[in-house]
Amino acid sequence: MSVLEVEDLCVALPAGGDRPRAVSKVSFAVGRGEILCLVGESGSGKSVIAQAVMGLLPRGLPVESGALRLLGEDLRRAAAARLRQLRATRMSMIFQEPMTALNPVMTCGAQIDEVLRFHTDLSRGQRAERTLAILREVALPEPGRIAASYPHQLSGGQRQRIMIAMALVLEPALLVADEPTTALDVTTQAQILRLILELQKKHGTGVLFITHDFGVVSELAHRVAVLRLGELVEIGARDEVLKRPRHEYTRMLIRAVPTLQPHGRAVPADAPIVLATRGLSKTYLARGWFGAHRAVRAVDGVTLEIRRGQTLGIVGESGSGKSTVARCIVRLIDPSGGEIRLGGDEIATMPARALRPLRRRVQIVFQDPYRSLNPRRTVGEAIIEGPLNYGVPRAEALERARRLTELVRMDPAALGRYPHQFSGGQRQRLCIARALAMEPELLVADEAVSALDVSVQSQVLQLLEEIRVRLDLAMLFITHDLRVAAQVCDQVAVMSGGRIVEYGAAEEVFLRPRHEYTRALFEAAPGRGFAFGTA
Amino acid sequence: MDAAALATESAAVPRHESAWRRARRNASVRLGGVVLALLVGVAIAAPWLGTVDPTLFDAGSRDLVPGKVGDITTLEGETIRHRFLMGSDSFGRDIYSRVIYGTRVSLSVGLLASLLALAFGIACGLGAGYVRWLDGVLMRFMDGLMAIPAILIAIALVALWHASLATVIVAIAIPEIPRVTRLVRSLVLSIREEPYVEAAVSLGTPTWRIMFGHILPNCVAPLIVQGTYICASAILLEAILSFLGVGLPPDIPTWGNIMAEGRVQFNEYPHNVFFPGVFLAVTVLAVNILGDGLRDTLDPKMAKRV
């Protein structure tokens, strides 16, 4: 018998949404000991399905019709008290952001204990024993110390392990995991995925795993269900769906996943150097009340050079200092040491007034398309702001803006509209247009495609590549995503703990990594063994 | 990218309603707005609403109960018959006329005091949020100002100057400045970290244009909400000052003054206090309801929760 059966599930969207239903006629089943991956882009309704199963849908999204059965029991008929009981004992859920899912003022041990206290008759001693046992099972070191710690004292990966421990402590038949590794670094993600696989096999738990990442799917899934705008497009065994997708949409998604194979494009070695740093460092001083200083070396002795027409990628995990490097180069923050040479000028220590005329030559595109444009200004105003600052006449600036919107494949009518009228991908195009309006020599892309869905991401990457070739730009590409780096970079610098641990031609670094950390990073990339981008 | 993909991408954009349109549909905004509009109308049209000069008195028409008809002598010495809708006070002045004319004082005090507090608060807040060395000095000064009860500052300031409409407004506005400064400073500190502000920096936009072109426009919604609350408390504070006899001179008809004069005979003639009290309560309530409605619709964090 299946652990979970979902039959013709329909969930309504409130009036005024972009479609009448969040989820429309979706049917699937999760068997005992089976991992079903629900894949889809943002807005596909995958999280809504998870919430419907758990009975956690917000008031505005009622289940319209269909059946939800957990071990044969109808969840839609279950009373609130019964659902509460089922939620810990038969089914449980883990979330994307463990920091907000855990109570910050309770120790981790107490939170696991609470689950046991409400749902079992175990004595205090037995509960403590069970808590330590489950912490050991999720492979946390020193379970005793961890149980006594508060969530903020643990790392992201450890917190997610606590969530998993809490979810599995009563051995539920079904585990619902909603993007549980999306907020984690790639090496931590690999460990958590391995842990989920291990525990699931050991306890025979059925897992409904929600993700947008086909790499994760290929590592984990037994079966895959693909969602698009609330409808189930395709469902089948993993290899079936990934290798021989039947539906056009699935094929498009899989094609959009960048490969880990670096492209072998040669940049002429005599191209002029646009920007070079030497020994660049940034130290943050945490000043105490009594003069006690604590120095944090965010960037430590980074030496790079970028030539015209070249794309240099900086890859690394969160906290590696890669974004700090970018922000120093654009001089959004002042470096604490080292040199930055832009052409013939040394800009690392240049005072703001002298720097202003040079700012035009280095432009940046940020990660979050929703916060990169001033919500109270039209897109046109945003794009011409820079040229106007440098004395370009308004009419000419507008003409340039019109040309650039076409270059980034948008309708020039967009110039009169406000940012909220555009999707994330469109906004990112407009941000690129805004940066290009300055006619820069170096374009810095700080995780510029990380917040985008995979299909949109591949379009923006393609656009960036086109622009780089057409304008013969130098590009500094900051990313945590090795696949993205492989697709766009000519040169790659791998950063860890504020230092560059490996730096060289993309082909060299990707195919013959020398440093231990680089190797570990590539090991951890999900779906390594799968040839994406070719289907 | 092909046309089909472009089409699907734009189709996925959620319908976004402008905050102002949302605000106009909000029941609280409508209720507060309509009541306030009526009061403004009353204040403007005061001379044509069957009132007499609110400072006229007639010894023969003292302490009339509401609805009574009595005589009142104009400055030219002419005696006219007048229906005292809300009665008269112990000088024989028409309470109705005084209350209606008092609306002018209260509304202008509320509006001008909040505008004044906002103007100074915005200036100080921008300075504190943007100029690092100014921050400590300015904010400690504001902390000091906040440590003294608003009413004490206002009384002290009015006592220092001579009491007039302008001095009362300034005296009421000054204790409100620290709160606006704090709000603006915190908004500036968070907005200046937004990527669009950083983008403007890298586009070479001068600092003053970033302040007034990018940061300030994004502070407008919370400032409007804060402004309504200041307006309500300024109206109350003016009434309190007048009631205590330290506000506007007693010959100017304000709700506080009317209540102060009526207080002595409250047991025999409660209407002296009742009518201005009702107007005061309704006005403050309307302003606060409007403020709540605006907060719910203009504040993006609140809007998301709906």
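Visitor: Which residue is the bridge partner of A:Ala225 in β10(A)?

Guide: The bridge partner of A:Ala225 is A:Ile235, which sits in β10(A); strands here are DSSP runs of E with at least two residues, helices are runs of H or I with at least four, and both are numbered from the N terminus. This is a predicted model, in which local features need pLDDT of at least 70, side-chain atom pairs count only at pLDDT 80 or more, and totals for chains, interfaces and linings use all residues. Residues are numbered from 1 along each chain as its sequence is written, while chains are lettered from A and ligands numbered from 1 in the order in which they are written.

Visitor: And how many bridges join β9 to β10 in chain A?

Guide: Six bridges join β9 (residues 223-228) to β10 (residues 231-237), and the two strands run antiparallel; strands pair if DSSP finds at least two bridges between them. Two residues lie between the strands of this hairpin, where A:Leu229 takes a positive phi near 45 degrees.

Visitor: Switching topic, how many residues of chain B are in contact with chain A?

Guide: On chain B, 24 residues are in contact with 32 residues of chain A, contact meaning that C-beta atoms, placed from the backbone, lie within 7 Å.

Visitor: Which element gives the largest share of that side of chain B?

Guide: That is α9(B), with seven residues; the elements giving two or more residues are α1 (3-11) and α9 (195-202) of chain B.

Visitor: What about B:Leu189, where is it found?

Guide: B:Leu189 is found in helix α8 (residues 177-191) of chain B, and its C-alpha atom is separated by 62 Å from that of B:Glu76, 113 residues apart along the chain.

Notes
Contact = placed C-beta atoms within 7 Å.
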